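I opened my notebook to go through this chain piece by piece. Here is what I looked up, in the order I looked it up.

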Amino acid sequence: MRIARFTVGDDPRFGLVDGAGEKLAEITGDPLYQRIELTGATYAVADVRLLAPVIPRSKVIGIGKNYADHAAEMGGTPPAQPLMFLVPNTAVVGPGDPIVMPPQSREVHYEGELAVVIGRVAKDVAPEDAAKVIFGYTCANDVTARDLQRSDGQWSRAKGFDTFCPLGPWIETDLDPGALWLVTRRDGEVVQDGTTADMVFGVGELIAYASAAFTLLPGDVILTGTPAGVGPVEAGQRVEVEIEDIGVLSNPFVRH
Ligand code: MG
């Protein structure tokens with residue numbers, strides 16, 4: 001099932017998207033909390049504005065250096081344990097929303113990533129039980145002010161600016177995350193071309209590790225790390241993150 005959050009100019013609604021990504025069947029409420037029932041209303045995806053498919057209730061958990069080839073391009077090796085950081089939910093925006101490059105940074109990078117959406121309250125989850133607490137998966141761009149990441153010595157500001165966590169275009173609930181092709185394009189040029197099979201710590205291990213520290217709530221999001229090929233974006237450019245069997249998340253970058 002593909003679940004989108006959308007608006008036709010008023011309050012956000014939820015809907016089921018067809019396999020072609022073209023048609024939307026509206027449902028009555030937020031499927032994270034309510035049984036799925038169709039309202040009978042249908043829309044063309046092209047005629048609605050898609051929103052971030054979830055607004056994380058309490059937190060976005062990021063994972064750093066979870067692909068060996070990306071750790072190497074950053075001048076290191078993968079950590080022995082998952083490297084976690086937190087992103088405020090105020091950083092989340094949706095498909096097509098502009099990513100605002102802040103005046104504090106001169107070096108803003110894209111990072112295409114698989115995002116996991118948590119479906120239920122979870123604490124101390126064993127890796128083999130992780131699937132029970134997952135609602136679904138979507139695409140993310142873990143936008144990073146690389147210069148501030150270096151100069152601050154920790155990552156809250158560099159990854160936490162407003163608009164720095166676009167999610168979308170929808171949540172795919174039926175998916176095996178083990179070996180999904182992930183590609184990032186900058187103005188149409190392929191800049192990251194990887195597979196989730198190359199994650200150092202898989203989704204189950206990440207949920208186990210994160211839930212050993214934090215209680216996970218429905219709607220929380222885990223960003224699972226980025227493959228090699230990160231790089232800078234200039235204002236006016238557009239970055240697309242495409243993940244096999246999910247779809248394409250596309251956002252323009254702007255400076256005010
Ligand atoms: Mg990242």
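Where is the place of glycine 247? I found glycine 247 in strand S20 (residues 247-254); strands here are DSSP runs of E with at least two residues, helices are runs of H or I with at least four, and both are numbered from the N terminus.

A note on the source before going on. This is a predicted model, in which local features need pLDDT of at least 70 and side-chain atom pairs count only at pLDDT 80 or more, while totals for chains, interfaces and linings use all residues. Residues are numbered from 1 along each chain as its sequence is written, and side-chain values use heavy atoms, with hydrogens and water left out.

**Entry: glycine 247 and proline 169**

I looked up the accessibility of glycine 247 and got 17%, so it counts as buried (buried is under 20% relative accessible area, exposed over 50%, partly exposed in between, with a 1.4 Å probe and protein chains only). Leaving aside neighbours within four places in sequence, glycine 247 is in contact with Cys139, Pro169, Val241 and Glu242; contact means heavy atoms within 4.5 Å.

Proline 169 then got its own look. It sits in strand S14 (residues 165-172), and a cis peptide bond joins it to glycine 168, with omega about 10°.

**Entry: two positive phi angles**

Lysine 65 is not a glycine, yet its phi is positive, about 50°. I placed lysine 65 in the loop between S6 and helix H1 (68-73), and it is partly exposed at 28% relative accessibility.

Threonine 163, also not a glycine, has a positive phi of about 80°. Its loop runs between helix H3 (156-160) and S14. At 12% relative accessibility, threonine 163 counts as buried.

**Entry: the largest pocket**

Lysine 65 turned up again here. The largest pocket holds about 210 Å³ of space, and 17 residues line it, the closest to its centre being Lys65, Met74, Arg146, Gln149 and Trp155. For the record, a pocket is an open set of points on a 1 Å grid over the protein atoms alone, where a 1.4 Å probe fits, with protein on both sides within 12 Å along at least five of seven lines; lining residues have an atom within 4 Å of a point. The volume is the space filled by probe spheres set on the points, which are joined across faces, edges and corners.

S6 and helix H2 (146-152) are the elements that give two or more residues to the lining. H2 has the largest share, three residues. I sorted the lining into four nonpolar, six polar and seven charged residues (Ala, Val, Leu, Ile, Met, Phe, Trp, Tyr, Cys and Pro are nonpolar, Asp, Glu, Lys and Arg charged, the others, Gly among them, polar).

**Entry: the cores**

Which residues have the most contacts inside the largest nonpolar core? I noted Leu114, Tyr137, Ile207, Leu216, Ile222, Ile243 and Ile246, in a core of 36 residues. Such a core is a set of buried Ala, Val, Leu, Ile, Met, Phe, Trp, Tyr and Cys residues joined through side-chain atoms within 4.5 Å. Among the elements that each supply at least two residues are strand S1 (2-7), strand S11 (112-118) and helix H4 (203-213). H4 gives the most, four residues.

Isoleucine 207 touches Val116, Ile118, Val125, Ala130, Val133, Ile134, Leu216 and Ile222, not counting residues up to four places away in sequence. Another core, of 22 residues, lies apart, and includes Ile27, Phe85, Val117 and Phe135.

In H4, I listed Val203, Gly204, Leu206, Ile207, Ala208, Ala210 and Ser211 as buried. Their cover includes S6, strand S7 (83-87), S11, S12 and strand S17 (221-223).

Asparagine 141 is in strand S12 and is buried, at 1% relative accessibility. Its contacts beyond four places in sequence include Tyr110, Phe164, Val239 and Phe253.

Last, the assignment, automatic or from a database, gives domain 1 (2-51) and domain 2 (60-255). Their centres, taken over C-alpha atoms, are 24 Å apart, and the contact takes 12 residues from domain 1 and 15 residues from domain 2.
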